[in-house]
Amino acid sequence: GSLVAVVLAHSGRMDKEHLGVRVGRLSRRGEVCTMINKKYSEFLPSMKSAEDLVAQVEGLANNIDLLKEGIENEVQRDLNVAVAEFTELRQQLERDTLVLSVLKKLQEFDRAVHECSSALLEKQYVPAAQHLEQARSSLRSLESRRGFELKILKALGTELTVQTQNVIYHLGEEWQKLVVWKLPPSKGSSSLEAAVLSELHLHTQDSAVPSVAAVLQALAVLGELHSKLKDFGQLLLQYVLKPLISHPSLEPVPEEQADVFILRFRSRELALDESSPMEVFDRIRLVFEVLHKHLLSVPLEQPGEDRVTLAELLGELIWEELSDCLIHNCLVNSIPTNSSKLEQYKEVIESTEEFEKALKRMQFLKEDTTALLKYACNVDSHFANKKCQDVIMAARNLMISEIHNTVKITPDSSTALPELRDPGSGDHVRVHRPCSLVHNGTVNLGSESRLSPFTLCLPTCRISCSVQQLVELAYHTLLEATASTDLCCVQLFDCVRNIFQLFYEVVPTYHRENLQKLPQLAAIHHNNCMYIAHHLLTLGHQFRYHSTSVLSNGAATFVDLVPGFRRLGMECFLAQMRVQKGEILERLSSARNFSNMDDEENYCAAKKAIKQVLHQLRRLGTVWQDVLPVNVYCKAMGALLNTALAEIVTRIAALEDISAEDADRLYSLCRIMVEEGPQVFTPLLEEDKNKKYQEEVPVYVQKWMTFKELMIILQANLQEIVDQWADGKGPLAEEFSAAEVKSLIRALFQNTERRAAALAKIK
């Protein structure tokens with residue numbers, strides 16, 4: 001009952017609340033309606049006004065449409081007609097303006113040509129040239145107008161060309177009257193005789209002739225001055241300036257007369273072979289001074305450029321060629337060939353500087369032009385270059401000279417080489433002949449040991465005179481380097497190295513054929529290389545403490561070249577030795593292997609071969625006599641004789657059957673070699689001194705004792721051979737092997753018990 005009561009109570013509260021909400025809503029709706037009515041009453045007048053405006057706008061739009069239709073139908077047509085008339089009038093105006101401007105240019109052209117002709121008749125060349133330029137400007141203006149071409153323009157161009165050439169012709173005639181060259185008949189010649197016959201005449205004072213300035217200015221206006229001035233500059237170079245540089249006896253003779261200046265030349269007598277730069281500069285400066293006074297000082301107005309003088313224009317045209325000529329034909333020759341004269345070269349530098357200043361004052365040179373002075377100031381480099389060039393050329397001439405012209409070199413030879421000054425002494429240098437080391441001929445190394453004064457000296461031999469001069473040239477060049485600047489010193493040192501490297505390349509190539517064919521030249525070349533290598537060992541050391549700091553640190557050495565030169569000499573001589581050995585073996589090949597000597601024909605062939613070998617050895621001994629050092633000579637001859645003996649021993653030892661008669665004849669052949677072989681050892685010219693070396697043949701001929709043992713075998717019986725063998729301890733055992741001895745026994749003796757017993761003992 002209580003729950004029902006609660007629900008009913010809650011329902012009642014809800015109905016009341018709902019009723020209240022609805023009442024609120026109805027009251028708000030009434031307020032809204034009232035507001036809408038108020039707004040509507042206010043909107044009605046505005047809406048009416050808007051409707052009136054719409055009606056007016058529609059009326060105006062209709063009027064606009066009517067007006068537009070009228071404009072399109074009537075006004076636009078009239079406007080198009082007016083525009084067309086305006087365009088036509090504008091085009092007509094442009095055509096008339098163009099025609100008027102063309103007529104003005106034609107009038108200007110005609111007036112300019114007419115005034116040019118009038119000025120030309122009065123010889124007023126500058127106005128004439130200026131009028132021509134005005135006419136040319138007018139014609140260019142006419143030709144530049146596109147779309148407007150006249151047939152008359154071609155005729156105007158022709159007329160302008162004719163008038164221009166006419167003025168140029170008259171200017172050329174006036175130029176020839178002002179500047180007159182009188183040249184020798186043989187034009188183009190640069191001889192002294194042609195230079196003496198050349199003259200330059202400048203007409204500068206005659207009032208009937210237009211002034212030089214007027215002619216030159218007219219040429220400048222027409223653009224023809226450059227060609228005229230170029231021709232004048234080339235004639236000036238060819239007939240005035242270059243001859244003055246090249247011919248020391250030639251001097252200019254200027255002469256001034258009333259209306260002409262004349263430049264002539266004369267040749268002085270007793271002139272030196274070369275002029276000093278000071279004399280050349282004085283002569284050239286004199287020419288430019290007189291030319292500047294009478295011609296080159298004329299000021300000119302260049303079209304589109306600043307005011308210049310004729311000297312400036314001429315300088316631009318000829319200075320490069322003139323400076324090259326002065327450098328190569330004057331300054332180069334003045335470069336000292338000796339470092340002691342470098343100090344005197346300051347006078348040349350000062351003279352060069354004054355010469356350039358004088359040309360700059362005359363405006364012939366620009367202020368920044370210093371080609372001559374730069375060359376003169378760089379004298380150290382030029383001196384070194386010239387010195388090196390002269391040295392290399394001298395060395396090359398020595399290298400290609402004949403090898404067979406020789407001089408004898410001994411351990412005590414007195415070769416004229418420069419004496420080096422004491423590093424702490426003055427600059428005095430003299431050439432001396434080497435003195436002995438000590439008075440008693442020995443070098444004292446202490447209380448007990450003594451060395452010969454010839455220790456480490458080159459043995460007696462012959463070398464080419466050219467090689468001796470080459471080494472002297474190297475010494476003198478290095479001596480020159482010690483008195484030079486660092487740069488020059490290094491360059492001269494490198495030059496000396498280049499000399500020897502050039503020798504290494506040139507001599508074997510240039511003399512290759514002779515070195516291969518002629519044994520004596522091969523021996524001389526061997527000596528030459530050893531002689532150079534001998535000096536290279538100490539060459540750098542000798543000058544180490546006399547050169548600049550650049551080379552005194554040990555870099556100034558030639559020791560690295562020594563092995564190459566020794567190898568060069570040895571290879572050449574060994575190649576010749578191989579050729580000689582080949583010839584010996586070839587001759588012995590005709591001996592028919594020394595077999596069947598009982599045949600007379602075989603015996604004669606073998607004897608002839610041996611005689612030919614001995615003849616070859618005697619010929620070699622003669623051509624090498626007094627040329628090779630004694631020890632080299634003996635070794636070379638010993639090697640060749642040993643080749644012959646070894647070949648004979650090999651051939652005989654290879655025989656399988658040797659009869660008694662064969663053995664006798666082989667022995668006789670071997671005896672020829674033993675008796676005549678030592679006689680080929682003649683290293684010295686004095687016969688009595690050669691006996692010593694002939695007795696020492698076994699020292700130089702390795703197979704000598706072998707050969708003699710072979711001879712013993714050929715004449716010995718079995719017992720003697722066994723005794724010579726001596727159980728492998730005798731002299732025979734030292735030269736032959738057991739197999740070789742057994743082979744010889746089998747060839748010499750018949751197969752018997754005695755031979756078998758002897759063979760049994762050979763072991």
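**Cysteines and salt bridges**

Modeller: Cys 670 is buried (under 20% relative accessible area, where exposed is over 50% and partly exposed in between, with a 1.4 Å probe and protein chains only), at a relative accessible area of 2%. This is a predicted model, in which local features need pLDDT of at least 70, side-chain atom pairs count only at pLDDT 80 or more, and totals for chains, interfaces and linings use all residues. Residues are numbered from 1 along each chain as its sequence is written, and side-chain values use heavy atoms, leaving out hydrogens and water.

Colleague: How many disulfides does the count come to?

Modeller: A disulfide here is a pair of cysteine sulfur atoms within 2.5 Å. The sulfur of Cys 325 has its closest cysteine sulfur in Cys 330, and at 8.8 Å that is too far for a bond. The count of disulfides comes to 0.

Colleague: Is Glu 251 buried or exposed?

Modeller: Glu 251 forms a salt bridge (a side-chain nitrogen of Lys or Arg within 4 Å of a carboxyl oxygen of Asp or Glu) with Arg 266, the closest N and O atoms being 2.4 Å apart. Arg 266 is partly exposed at 48% relative accessibility. Glu 251, at 16% relative accessibility, counts as buried.

Colleague: Which residue meets Asp 560 in a salt bridge?

Modeller: The N to O distance of this pair is 2.7 Å.

Colleague: How many salt bridges does the count come to?

Modeller: One network of salt bridges links Glu 199, Glu 255 and Arg 264. Glu 316 also forms a salt bridge, with Lys 366 at 3.9 Å. The count of salt bridges comes to 20.
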